[in-house]
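The sequence and structure are shown first.

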Amino acid sequence: MIPKKYRLKNQKAFDATYRNKNIVSDSMLTIYAGKPKKDALSQTKFGFVVSKKYHKRSVKRNRIKRLMRECVRLAIKENKLGICEKYMSLIFIPKEKTLGCKLCDIERSFYKLINRLK
């Protein structure tokens, strides 16, 4: 589980991240990046969104969220966030291809997209 200080919680924070329009995507994930940080003391916050359009069953939606959270948790633990630490918030949205994937596939996509962030 991701520690609370890394979680994006309220709707205003999600909306501000979406408005920034800094988006990278591939065939598995889409990442919305928030504003760049002004101070190094604040933590980058992560949000995960899986809508009902993705899959009707909540079990499938929650599985994908758990995989994305685990990927971020491992990146935080191993200090592999890289350029992500420059942003205030990041929102992860899976695509339909992610439904049958494993953690290693999502991690590969995650690190590829992180390197493509501006």
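The structure is a predicted model. Its largest nonpolar core comprises 29 residues, and Phe46, Met68, Val72, Leu90, Phe92 and Phe110 have the most contacts inside it. At least two residues of this core come from each of β2 (29-33), β3 (45-48), α2 (58-77), β4 (89-94) and α3 (103-116). Helix α2 gives the most, with seven residues.

Phe92 illustrates how these elements meet. Leaving out residues up to four places away in sequence, Phe92 touches Thr30, Ile31, Phe46, Gly47, Phe48, Val49, Met68, Val72 and Phe110.

## Aromatic pairs and cluster

Five aromatic pairs are found in a search of the whole structure. In one of them, the ring centres of Phe48 and Phe92 are 5.4 Å apart and the planes lie at 15°, so this pair is stacked. Phe48 belongs to strand β3 and Phe92 to strand β4, so the pair ties together parts that are 44 residues apart in sequence. Both Phe48 and Phe92 are buried.

Phe110 is buried, at a relative accessible area of 1%, whereas Tyr111 is partly exposed, at 22%. Phe46, Phe48, Phe92, Phe110 and Tyr111 together form one aromatic cluster.

## Ser89 in strand β4

Ser89 is located in strand β4. Its relative accessibility is 7%, and therefore Ser89 counts as buried. The side chain of Ser89 makes a polar contact with the side chain of Thr17, at 2.5 Å. Apart from residues up to four places away in sequence, Ser89 touches Leu8, Thr17, Tyr32, Ala33, Gly34 and Lys45.

Arg61 is buried but has no salt bridge; Glu96, the nearest side chain of opposite charge, is 13 Å away. A salt bridge would require a side-chain nitrogen within 4 Å of a carboxyl oxygen.

The side chain of Arg61 instead reaches a backbone atom, the oxygen of Lys56, at 3.0 Å. Beyond its neighbours within four places in sequence, Arg61 is in contact with Val50, Ser51, Lys52, Tyr54, His55 and Lys56.

How values were computed. Residues numbered from 1 in each chain as written. Predicted model: local features only at pLDDT ≥ 70, side-chain atom pairs only at ≥ 80, totals over all residues. Heavy atoms only, no water. Core = buried A, V, L, I, M, F, W, Y, C linked by side-chain atoms within 4.5 Å. Buried < 20%, exposed > 50% of the residue type's maximum accessible area, 1.4 Å probe, protein only. Helix = DSSP H or I, 4+ residues; strand = E, 2+ residues; numbered from the N terminus. Contact = heavy atoms within 4.5 Å. Polar contact = N/O pair within 3.5 Å; in protein donor to acceptor, adjacent residues only side chain to side chain. Lys, Arg positive; Asp, Glu negative; His and termini not counted. Phe/Tyr/Trp six-rings, centres within 6.5 Å; stacked < 30°, edge-to-face > 60°.
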